[in-house]
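Hi,

Here is the structure I promised to pass on.

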Amino acid sequence: MIYFLVTTCLSNSTLTKMGQYNKAINKLLKLTKNIPNTKCIIIENNGKRKTFLNEYDCDIFYTKNNNIKHRNIGLKELKDIFDCIEAYQINEEDFVVKITGRYLLDSNSKFIKQLYNLKDIDCIIQYGSLPKINGRYIFKKSNKINDGCFTGLIGMRCKYIKKIKQYKKDFSDSHIWVEKKWANVTNLIDKNKIIIPKTLGINICPGSYTYYFM
């Protein structure tokens, strides 16, 4: 089974941001509807209630993790993933795709095409970092696991995600980047079962409303 876990946070959402969610989620549902044994779950972390997300033809999973008193959004998002895996009892051999809800997939995304054939594949990942350059966060590719990875679109067998070192309840290990947590766990995966595509085929807008392709 392939699970798409779509992370969202509607707190302080502007009309522009909501429009980005709408466009990106509709595109995701369109591109994945023909992939066999696939389930999409939208995760929103401001508590269970009725939102426009309920209008989509897929499951919605609400958490309260945005209420955690910490500035590190990535750690809250990681807890969203763990909570969803537990709630849906996702099996260890299932393939989990984590995607940021506002990021827009390309119609010819190499990442999506790879999902049609996951034989002997345990991970699809892009290593690198996301430094701020001239006021914008720009992803820089790398071939070094220690540099971290792009978590806006990443695929991994659930059994490895479960091995990611979870943060302590008091966030005392928050100095460890989430991007490095995801990357470091790939040391446990057979390198022959890791796909590193030249491009992921997704348009991203980290920390802004302006997209660029990677």
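On a 1 Å grid over the protein atoms alone, a pocket is an open set of points with protein on both sides within 12 Å along at least five of seven lines, and a cavity is a set where a 1.4 Å probe fits but cannot get out; lining residues have an atom within 4 Å of a point. A volume is the space filled by probe spheres set on the points, which are joined across faces, edges and corners.

Please keep in mind that this is a predicted model, where local features need pLDDT of at least 70, side-chain atom pairs count only at pLDDT 80 or more, and totals for chains, interfaces and linings use all residues. Residues are numbered from 1 along each chain as its sequence is written, and side-chain values use heavy atoms, leaving out hydrogens and water.

The largest pocket holds about 1200 Å³ of space. Its lining counts 38 residues, and Ile73, Gly74, Glu77, Tyr103 and Glu179 lie nearest the centre.

As for the cysteines, the structure has 0 disulfides (pairs of cysteine sulfur atoms within 2.5 Å). Cys9 is in none, and the nearest cysteine sulfur, in Cys205, is 14 Å away. For Cys84, the closest cysteine sulfur belongs to Cys158 at 9.8 Å, too far for a bond.

Best wishes
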